Each structure stands twice: as structure tokens, then as C-alpha cells.
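Colleague: I am new to this structure. Please show me how to read it, feature by feature.

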Amino acid sequence: MPRTSFADRHRAARDAVLVSQRGRLIEAMVECVDSRGYPGTTLTDIVARARVSRSTFYEHFANKEECFIEAVHTGVDIVAARIVDELAQLAPDADVHARIESIVVTFCETVATEPDFARLVLVESFKVNQAAVDYRDLAVDRFAELYRIFYNQARQANPALPKVSDELIALLPDAIGERTRRVIVSDGPEQVPALAPLFIHFVTTTLGLPTSA
């Protein structure tokens, strides 16, 4: 799927989240952090980019840190919503390979089409605030739960598949997230979709799934 088509399909949902004054402040925070870094971003920068007053900012957030944490929440929620939407496009009887491919490709394409949010969640959050990191980790756990659910469904259909521990499944999104972070830093978010085949192979091999036909 062309990247522009992917972005266009999800643009309405994204815009609905960010169209309010609160959403504009969140988007301004993301853009300012992307261009200046968190330490270099001031409240003046945020309100100027969002085109609102300081008093409006304080109606929504107590301080810059709270706005940053909410921006991380929004970035995570954008990824999660797109994964759910893309999975819903699959046939009801789609096999585990198709579901894993959908999760991985959607994640990678979202990083590329939302580069500012991707950097905020996967890179900047570790430099700023433990609450932001905790929410990012919660999102990783949700990825692991999806892999776990789909793999258990595959084992019900094919009991010959090996039993894989929850701990090993939990490592899958951890490893993918870390490799993605490194590529964002070294090569840019636009390079992440090229990693999708590697990530898919990594997940299916770790789970002991047979090669998809």
C-alpha cells in the first residue's frame, strides 16, 4: 500500500483528535520538541505554534511536562487505533500470519507517516519523564497481548505448534521497539517501513510458526 494512501485513510481520525484547542496544544508540543528538543521548548513556543493564549494553555495543562505526557498518550493512542482499524479490515478467518503482518506493517507505516509523534514516543519520552515512559511501556504490553492472543488462537487450530512462554512473547515488541528507536535516531522514521519484513520474520520465527504459503 502506498504510504500516502495509508496516511489519507487515517487522516480523518487523526484530525478529529487534534482539531480542538487541547489537540492543537498537543500537536504544537510534538512539533516543538521535534525541532528544539524538550529542554529547548518553552511555553511561549508552544502557545505561539498552537495560536492560543497562555491562559488557554493553563485551562488544559498545569505545566509543560503535563502537556508532554499527554502528547505521548496521544501518540500511543494513534498507533493503537490504527492497528485496530487495520486488523478490522482483515477477513474474519484471517490466519495468524496475516494478523501479525497487519500489526507490524501498520506500526511501521504509522512511524513513517507520523514521524514527530514517533520520535516523541520512542525517543524523547526516555529523556523526559517516567510517567511518559510508563505509558509507552503499557503500549508495548498491549502489543505483546495481541501477539499472545493470536498465537494462542493459532495453537488451538494447530496443537503441534510449540508452546511459547508469555515472557518470550513479551520480548517481541520490546525488541521491535528498540530497533525502531535506533533506526529513527540514525536514519530517520521514513526508513522504518523497510524493516517490516525483518520484524515479521522475527515474530513468526520466534513463535515457531511455519512459513506462510
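Modeller: Let's begin with salt bridges. The count comes to eleven, where a salt bridge is a side-chain nitrogen of Lys or Arg within 4 Å of a carboxyl oxygen of Asp or Glu. This is a predicted model, so local features need pLDDT of at least 70 and side-chain atom pairs pLDDT 80 or more, while totals for chains, interfaces and linings use all residues. Residues are numbered from 1 along each chain as its sequence is written, and side-chain values use heavy atoms, without hydrogens and water.

Colleague: What is the general idea behind such pairs?

Modeller: Side chains of opposite charge can pair when their charged atoms come close. Here, Glu114 and Arg82 meet in a salt bridge, with 2.9 Å from N to O. Glu114 sits in the loop between helix H6 (96-113) and helix H7 (115-128), and Arg82 in helix H5 (residues 64-88), so the pair ties together parts 32 residues apart in sequence. The helices are DSSP runs of H or I, at least four residues long, numbered from the N terminus.

Colleague: Are Glu114 and Arg82 buried or exposed?

Modeller: Buried means under 20% relative accessible area, exposed over 50%, and partly exposed in between, with a 1.4 Å probe and protein chains only. Glu114 has 7% relative accessibility, so Glu114 counts as buried. Arg82 is buried too, at 4%.

Colleague: Which residue forms a salt bridge with Asp166?

Modeller: Arg148 does, and the closest N and O atoms are 3.0 Å apart. Arg148 lies in helix H8 (residues 130-157) and Asp166 in helix H9 (residues 166-186), so this pair ties together parts 18 residues apart in sequence. Arg148 is buried, at 16%. Asp166 is partly exposed, at 43%.

Colleague: Where do Arg181 and Glu178 lie?

Modeller: Both lie in helix H9, three residues apart, about one turn of the helix. Arg181 is partly exposed, with 25% relative accessible area. Glu178 is partly exposed as well, with 35%.

Colleague: Which residues are linked in a network of salt bridges?

Modeller: Asp34, Asp116 and Arg119 are.

Colleague: Now the core. Which residues touch the most other members of the largest nonpolar core?

Modeller: A nonpolar core is a set of buried Ala, Val, Leu, Ile, Met, Phe, Trp, Tyr and Cys residues joined through side-chain atoms within 4.5 Å. The largest one has 59 residues, and Tyr147 and Leu207 touch the most other members. Elements giving two or more residues include helix H2 (21-36), helix H3 (43-50) and helix H10 (196-206). H5 gives the largest share, nine residues.

Colleague: What does Leu207 touch?

Modeller: Contact means heavy atoms within 4.5 Å. Leaving out residues up to four places away in sequence, Leu207 touches Ile100, Tyr151, Pro162, Val164, Ile169 and Leu172.

Colleague: How are two packed helices described?

Modeller: By the angle between their axes and the distance between the axes. The axes of H9 and H10 come within 10 Å and cross at roughly 165°. Axes are lines fitted to C-alpha atoms, for helices over the stretch in contact, and angles run from 0 to 180 degrees between N-to-C directions. H9 is therefore roughly antiparallel to H10, a term for angles over 145 degrees. Residues making the contact include Leu168, Leu172 and Ala175 of H9, and Phe199 and Phe202 of H10.

Technical notes: Parallel < 35°, antiparallel > 145°, perpendicular 65-115°, else oblique.
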